[in-house]
Structures are given as structure tokens and as C-alpha cells.
Amino acid sequence: MLRARMATSFGLEEIWTERLACPACKGKLRAEPRGSAERLVCEGCDSAYPIRDEIPSFVDLKKTDQAAEIALRDDEATAYEGLFLAWEGFLEVTPLVRDLAPRRSDWVLEVGAGTGRVVREYIRNVSGVMAIDFSIESLRHIRRSLRLLPDAQQKLVPVHADACALPIRDGAFDRVLSVGMLQHLPTETHRARAVGGMARAIRPGGRFVLQARHWSKAHAFYETRHDSKWARSVAQALIGNASGSIELKRTAHYADGTVLLYNTTGDELRSMAQEAGISVERVVGRIHALKGMQRLGAARPLIEKVLERSPLSLLAAQEVIAVGTRMG
Ligand SMILES: C[S@@+](CC[C@H](N)C(=O)[O-])C[C@H]1O[C@@H](n2cnc3c(N)ncnc32)[C@H](O)[C@@H]1O
Ligand SMILES: [Zn+2]
């Protein structure tokens, strides 16, 4: 299988050794044995990382404290995309690909790529995509989902790794993208580590698109004036009954407690990106949970576009997106 792939557009081993680095010491990795690699070995600290089914694995399930979350993601890998409605893909993914502005010569790193909902929308327009996730079943799903597009399948390089300890060589990618992953990282330190790692992976001048679940200004306004009836009425009038209910909490968990949902503000996202060395072009809100938005039907994408460019962008958006470039 590996040999068959290596005869095609690029050699996997070459990509692994050129673009990956040891997550422990950033040392160079070599494939062993050469030709049909079973593991990657660090030339700096001798750590060895197994390759399973052509997927290098940097996640040690015995050492991580997120094993339950990883198991949940593995279990839901085949069903995950059934959770989305077609219009959500259109409203959410299309503008993200526009932000990414992929070019034919680009190598893209997508972190928290999941089952490839976003990967599939741009992979045909770039040279290669390294998809990172800590759910190996999700990565296998991406590969399967591309089987009818052999050219695209050959551009995919899945890597099983933790976003907070990225095994990536500095400056190895032209573009880095992450969608809906940041909100699941357990603490501010984890989030800063992930954003720092993603920023370092971009070559100077390369592009960064980071999307996270958003803590809207309307929610913040309501939370700080919880006892006030008029504040509740204002918040209710703006966002009540829309999917971003006014009762939304800034920090919540999935029903079974395994997955965290942290809501990031626009300012937080901007400063995280800036501290990581990104020159931020814009921070915008999307998928507006304003009352009545769901009834707009075919006009919604246009209204969303107008709102995104307006000063109201972050008022009641469910997603926040930072777009920028890596400083030289
Ligand atoms: C909400 S899903 C989004 C998936 C995909 N980006 C999309 O938009 O369809 C979040 C993904 O992030 C992954 N993830 C969460 N925490 C992670 C971590 N620390 N390291 C790597 N992947 C992580 C999960 O396994 C899951 O696939
Ligand atoms: Zn090492």
C-alpha cells in the first residue's frame, strides 16, 4: 500500500521526514525501516513513534488524560457529519475556504480536521494537506471519504497527534487552518500552546485561519446583568429562541461531561493569534443567532455577509474567525 502510494504524486516518507518534527524535542525524524516504514525515530532524543495504517501516531493513549474524549471522537467518526445540515456547510465552510484562499502550490496543515468536512472543500485546489486529529478513526474516515477522488486522496497526509503538542517542523506549511477545535481544549494554557504551535508551523508570510465557538457580546451583556429584567428583555429580543439561546454558558460540557465547549471572545482570539506572532487582518463573527435568522431561507447567506462586515459582526455570532499572516 505504501509503495503504491509512493509511486504517485509524492512520497509519504519524504513528507513525514521533511515536515514533521519530534513533539518532545523538535528533533528531526527518520523513517525506519526505509521503504516500508513502521515507525518514525527522533534523531535528537531517540523517541519512537509508531505508524499505523500509514498514519504516524504521536498520541499515547496510556499517557493522555483525554482518553475518554478521544474514544468518543473515534466512536462517532462515521456518524459525525450527519449532525450537520446542508445549509450549515454552506454558511460555515464556504466562507472559511474563501478566508484560506488556497493556491495550487500550497501545502496546508489543518488541525482538528475531524472527519474532513472542511478538508474535502479545498484539497483539490492545493498540493497537499496534512490533517491532524487525536481521533485516528476520524482520520481514517477522511481517507475513506476521498476514495472516489483518487487525486485528492493522494494529497492527504493524516497524522495522529495532539494539537497542544504539534509534531510539525517550524515554517513547514503555507497555510494553517483550524475549525471548531479550540473550544474543546481544556485550559487557557492548552489553547495558547495550540495556537502557538499552529503559528510556528506557518512559513513567514503564510496564512492562518482560526475558527472557534464564540461568546457573543449579547451573551456577555446578559451574563453581567443577570438580575436586570430589561437586560433580559433586550437579550431575549436579540437572540432569544435562536439557536444561540440567552442561557448559553461561557463554559459548558457535552451531556456526558467528556467534551468541553469553551466560548471564545473576539478579543481573546485576536490576542492569542497576535501573541503567537500572527499579524491579524480581521476578526469577524459568523452564523448569527439573531432572532428570526432561521426564517431568512435563501436570503440568509447574503444577510450573513452584510452582518459579518458590519460593526455588529460579533454581537450575536456563534463563530469567531481570525484571519492573518505569519510575521517574518
Ligand atoms: C467539533 S470537531 C470539528 C471537526 C472539523 N474541524 C469540522 O469542522 O468538521 C473537533 C475536532 O477536534 C478534535 N480535537 C479536539 N481536541 C483535540 C486535540 N487536543 N488534539 C487534536 N484534535 C483534537 C476532535 O477529535 C474533533 O475531530
Ligand atoms: Zn525528540
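I looked up contact range in this predicted model first. Among contacts between residues at least 6 apart in sequence, 68% join residues at least 24 apart. A contact here puts two C-beta atoms, placed from the backbone, within 7 Å.

I noted the conventions. Residues are numbered from 1 along each chain as its sequence is written, and chains are lettered from A and ligands numbered from 1 in the order in which they are written. Local features need pLDDT of at least 70 and side-chain atom pairs count only at pLDDT 80 or more, while totals for chains, interfaces and linings use all residues.

Next, burial. Of the 328 residues, 43% count as buried (20 or more other C-beta atoms within 10 Å of the residue's own, C-beta atoms being placed from the backbone).

I then turned to secondary structure. The chain has twelve helices and 13 strands (DSSP runs numbered from the N terminus: H or I, at least four residues, for helices; E, at least two, for strands). The radius of gyration is 20 Å, close to the 20 Å of the globule rule for 328 residues, so the chain is as compact as a globular protein of that length (C-alpha atoms; the rule is 2.2 Å times the number of residues to the power 0.38).

I followed one sheet. Four strands form an open, antiparallel sheet, ordered S1-S2-S3-S4 (strands pair if DSSP finds at least two bridges between them). S1 (29–32) and S4 (55–56) each have a single partner strand, so one side of each lacks a neighbour in the sheet. S2 (39–42) and S3 (48–52) pair over three bridges. Leu40 stands opposite Tyr49 in S3.

Methods:
Buried ≥ 20, exposed ≤ 12 C-beta atoms within 10 Å, placed from the backbone.
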